[in-house]
Amino acid sequence: MNTVGYLGPKGTFTEMAVNGLFEDKVQSVSYKTIPACIDAVDKGEIELGVVPIENAIEGSVHLTLDYLIHQVPLPIVAEATVPIRQHLLVHPSFKGDMKDIDQIISHTQAIAQCHQFIHQNIPQADLDYTTSTGEAAQVVYKQGGNVAAIGNDRAANEYGLKILQSDVHDYENNHTRFVVLRKRDEAVDIPDLEKQGVKTTIMVTLPRDYAGALHQVLSAFSWRKMNLSKIESRPMKTGLGNYFFIIDADQEYDDVLFPGVQAELQALGCEVTVLGTYPKYMITTEKIKSLNK
């Protein structure tokens, strides 16, 4: 049985992704932070690690991207997209309403996804951050009082909390992409889920900043008619103006097109690194509901 690490404790959306992908076919291990989970994969303590990489409202999870690029370069071997429903959770002894809440705690991404709701409905509350939504639910369970957490149904059930207000995220189409990491570059096959295609993620580093550089990079994909679903720049951390680009192509790494792209970009002086070519999966709301029963 594989061991799979995730951002914990229980009740996080990352745990939801693990359960949606593997159900009860793996042994799961929770980690307090994203780097701790990635490190555990790198050290061989666990076979697979599942971490968030992008949210539909707040964009990329930069901690994940930067840690994979600058610290522990593990290959991505699968991707899962999970629908995100954020709720306002309170201790079961709480008898007030939203105007009585003094403090809201959760992960930075969760609070950011609910910024307008908080601004319009609970402006008096102080905001404090935890390493995960599951940890926030734990704190509310232990602390009680006029403190609320932002988290999901699973966290509410796990810690016996009351949902004071459902669906407090600012935009309805809230989804998060999670990636599965592995020490060896072997794709993870999930037989119980239908594959939604294959994606290849690469990193491109420019030799220097010059006019038309990004255009030249993108042209290497364009004339080959390769569809790019994401292009993002991130700082190299070597000085202002130094960036690398993360590019997602909606196809599997092949023996013709991708080697051609790499050769063309390398001829321009770019460094090209393949971060993974991997299957994509969608975990539906119905699947999540069945797992929470």
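Predicted model: local features only at pLDDT ≥ 70, side-chain atom pairs only at ≥ 80, totals over all residues.
**A guided tour, starting at the end of helix 6**

Next, step back into helix 6 itself, residues 133-143. Colour its buried residues, which are Thr133, Gly134, Glu135, Ala136, Ala137 and Val140. Now show what surrounds them: they pack against helix 1 (13-22), strand 6 (87-90), strand 7 (103-106), helix 4 (108-113), strand 9 (147-151) and helix 7 (153-159).

Now move on to the largest nonpolar core, a set of 25 residues. Select Ile38, Val51, Leu74, Leu181 and Ile246, the members that touch the most others. Two or more core residues come from each of helix 2 (34-42), strand 3 (48-55), helix 3 (62-70), strand 11 (175-182), strand 14 (243-249) and strand 15 (271-282). Helix 2 makes the largest contribution, 5 residues.

Zoom in on Val51. Beyond its neighbours within four places in sequence, its contacts include Ile34, Cys37, Ile38, Phe178, Val179 and Leu181. Then find the second, separate core of 24 residues, with Ala17, Val77, Val188 and Ile190 among them.

For the last stop, which residues lie nearest the centre of the largest pocket? Select Pro83, Arg85, Asp153, Thr285 and Ile288 to see them. The pocket holds about 230 Å³ of space, and its lining of 16 residues divides into 5 nonpolar, 6 polar and 5 charged. Helix 1 and helix 10 (285-292) each supply at least two lining residues, and helix 10 gives the most, with 4.

Methods:
Residues numbered from 1 in each chain as written. Heavy atoms only, no water. Buried < 20%, exposed > 50% of the residue type's maximum accessible area, 1.4 Å probe, protein only. Contact = heavy atoms within 4.5 Å. Core = buried A, V, L, I, M, F, W, Y, C linked by side-chain atoms within 4.5 Å. 1 Å grid on protein atoms, 1.4 Å probe; cavity = no way out; pocket = protein on both sides within 12 Å on 5 of 7 lines; lining within 4 Å. Points joined across faces, edges and corners; volume = space filled by probe spheres on them. Nonpolar A, V, L, I, M, F, W, Y, C, P; charged D, E, K, R; others polar.
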